[in-house]
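User: Hi! I am new to reading protein structures and would like to learn how to read features one at a time. Could you walk me through this one?

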Amino acid sequence: MRASVPRAGMKATARAHPIQGLVKYHGMRDHDARYPYHDSISVCTAPASTTTTVAFDDRLDADEYVIGGEDVTGRGAERVESVLDEVRERAGIETRARLVSENDFPTNIGLGSSASGFAAAAVAACEAAGLDLSHPEMSTIARRGSASAARAVTGGYSDLGGGLSDAECRSHRLDAAERLEEDVRIVIAEVPAYKETQAAHDEAEESHMFDARRVHVEDQLAEMRDAVRNGDTERVFETAEHDSLSLAATTMTGPEGWVYWQPETLEVFETVRDLRADGVPAWFSTDTGATVYVNTDAEHAAAVEDAIAATGVDTRVWEVGGPARILDDGAALF
């Protein structure tokens with residue numbers, strides 16, 4: 001019999017940044033453990049963040065989850081529970097938990113909010129339960145909520161393995177050249193169209209292009225790792241742009257022909273191509289949503305933002321973010 005935590009109120013607060021997929025995964029070998037079919041690489045985006053407080057408390061009769069001020073039920077609650085149950089299993093406890101989480105950026109429009117959310121939840125829960133784990137080890141816990149969350153735990157440019165165990169399907173941070181850490185700017189073109197990531201994964205697996213993408217993505221991963229290591233900004237974000245088109249094509253050719261881009265999305269694409277034709281280093285990228293990441297450098301960020309804003313979409317400028325981290329007690333959400 002596992003023991004309960006011997007005191008009420010074991011609490012911790014963590015903060016994590018969302019991710020932009022650079023070479024993205026599609027489909028799951030195992031939906032419960034969330035093992036993707038292949039490796040994936042992303043970059044964390046700051047200052048956007050999720051802050052999450054977790055407390056294990058003997059006085060609770062059931063887990064309580066509040067995200068953005070709303071109680072979480074259904075499938076969302078099951079995903080949170082999968083993370084907390086893994087922490088409880090490793091810590092040898094049965095104590096119920098209260099989790100409160102807030103984002104400081106828009107959610108459900110393709111900006112990686114599930115990644116930062118589950119990353120912050122996993123790191124806070126590990127700390128609250130007294131687990132002493134490395135970031136790669138904690139990434140395997142966050143993965144149970146969202147595979148992308150594993151990479152949000154380790155931060156920066158991170159690589160998630162596509163294996164069938166925690167020893168293999170964990171995230172590690174790539175050794176990125178300094179210019180990719182310091183000089184990259186990400187202009188966000190917000191296109192607020194609701195998206196459902198799980199639906200995209202399910203659709204992709206049924207596409208006639210799915211197997212072809214799985215073969216093609218191995219070359220993309222090799223290209224991305226080499227470009228990140230060598231600080232080749234153009235190769236990193238040109239590869240990410242092409243991967244975004246490949247990802248969308250696989251989803252669009254599923255049984256439902258699911259298209260998540262909006263007219264504003266395509267207008268941003270054309271604006272980026274016009275900027276490049278004028279010599280401005282800029283590349284577009286999307287995850288499973290209509291919102292666009294426009295990747296550039298610090299020197300050209302203002303010009304790129306002005307051009308994107310001229311299309312009528314809301315913009316903000318982000319940069320590369322670090323790993324998930326524990327905050328001081330004063331940052332707790334309850």
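User: Which strands does helix α2 lie across, and at about what angle does it run to β6?

Analyst: This is a predicted model, so let us read it as one. Helix α2 covers residues 113-128 and lies across β1, β6, β9 and β16. Its direction is at about 35 degrees to β6.

User: What is the order of the strands in the open sheet?

Analyst: The open sheet has six strands, in the order β8-β7-β9-β6-β1-β16, and the pairing is mixed. The edges are taken by β8 (70-71) and β16, each with a single partner strand, so one side of each is left without a neighbour in the sheet.

User: Let me try one pair. In what sense do β1 and β6 pair, and over how many bridges?

Analyst: They pair in the antiparallel sense over seven bridges, with β6 spanning residues 50-56.

User: How many residues of β1 are buried?

Analyst: Here is the general idea: in a regular strand the side chains alternate between the two faces of the sheet. Now the case at hand: β1 runs over residues 10-16, and five of its seven residues are buried, so the strand is mostly covered.

User: Which way do β7 and β9 run relative to each other, parallel or antiparallel?

Analyst: β7 (residues 64-67) and β9 (residues 97-103) run parallel and are joined by four bridges. You can follow the pairing through Y65, whose bridge partner in β9 is L99, and through E64, which stands opposite R98.

User: And how do β7 and β8 run?

Analyst: Those two run antiparallel, with two bridges between them. V66 stands opposite D71 in β8. The two strands form a hairpin with two residues between them, and G68 there takes a positive phi near 60 degrees.

User: Is R34 buried or exposed?

Analyst: R34 counts as buried because its relative accessibility is 5%, and the cut-off for buried is under 20%. N108 has 34% relative accessibility, so N108 counts as partly exposed.

User: Where is a cis peptide bond found?

Analyst: Look at the bond from A46 to P47, which is cis with omega near 10 degrees. P47 lies in the loop between β5 (40-46) and β6.

User: Let us zoom out. Into which domains is the chain divided?

Analyst: Domain 1 takes in 11-177 + 327-331, and domain 2 takes in 183-320. Their C-alpha centres lie 23 Å apart. There is also a record to compare: an unreviewed UniProt entry lists residues 16-169 as "domain: Diphosphomevalonate decarboxylase-like N-terminal". Over residues 16-169 the chain is 32% helix and 27% strand.

User: What area is buried between domain 1 and domain 2?

Analyst: The general idea comes first: the size of an interface is often given as the accessible area lost when the parts come together. For domain 1 and domain 2, the buried area is about 3500 Å², and carbon and sulfur atoms give 61% of that. On the domain 1 side, K24, H26 and I109 lose the most area to domain 2, together 21% of what that side buries. Counted by contacts, 39 residues of domain 1 meet 50 residues of domain 2.

User: Which residues does A204 touch, beyond those up to four places away in sequence?

Analyst: A204 touches H26, F210, T250 and T251. A204 sits in helix α6 (residues 197-205) and is buried, with a relative accessible area of 0%.

User: And is E305 buried or partly exposed?

Analyst: E305 is partly exposed, at a relative accessible area of 23%. E305 lies in helix α10 (residues 301-309). Leaving aside neighbours within four places in sequence, E305 is in contact with V187, T315, R316 and V317. Take T315: ten residues along the chain from E305, with the two C-alpha atoms separated by 6.8 Å.

Conventions. Residues are numbered from 1 along each chain as its sequence is written. This is a predicted model: local features need pLDDT of at least 70, side-chain atom pairs count only at pLDDT 80 or more; totals for chains, interfaces and linings use all residues. Side-chain values use heavy atoms; hydrogens and water are left out. UniProt positions are given in the numbering used here, feature names are shortened, and annotations may be inferred rather than shown by experiment. Buried means under 20% relative accessible area, exposed over 50%, partly exposed in between (1.4 Å probe, protein chains only). Two strands pair if DSSP finds at least two bridges between them. Contact means heavy atoms within 4.5 Å. Axes are lines fitted to C-alpha atoms, for helices over the stretch in contact, and angles run from 0 to 180 degrees between N-to-C directions. Domain bounds come from an automatic or database domain assignment. Buried area is the accessible area (1.4 Å probe) that two parts lose on being put together, summed over both.
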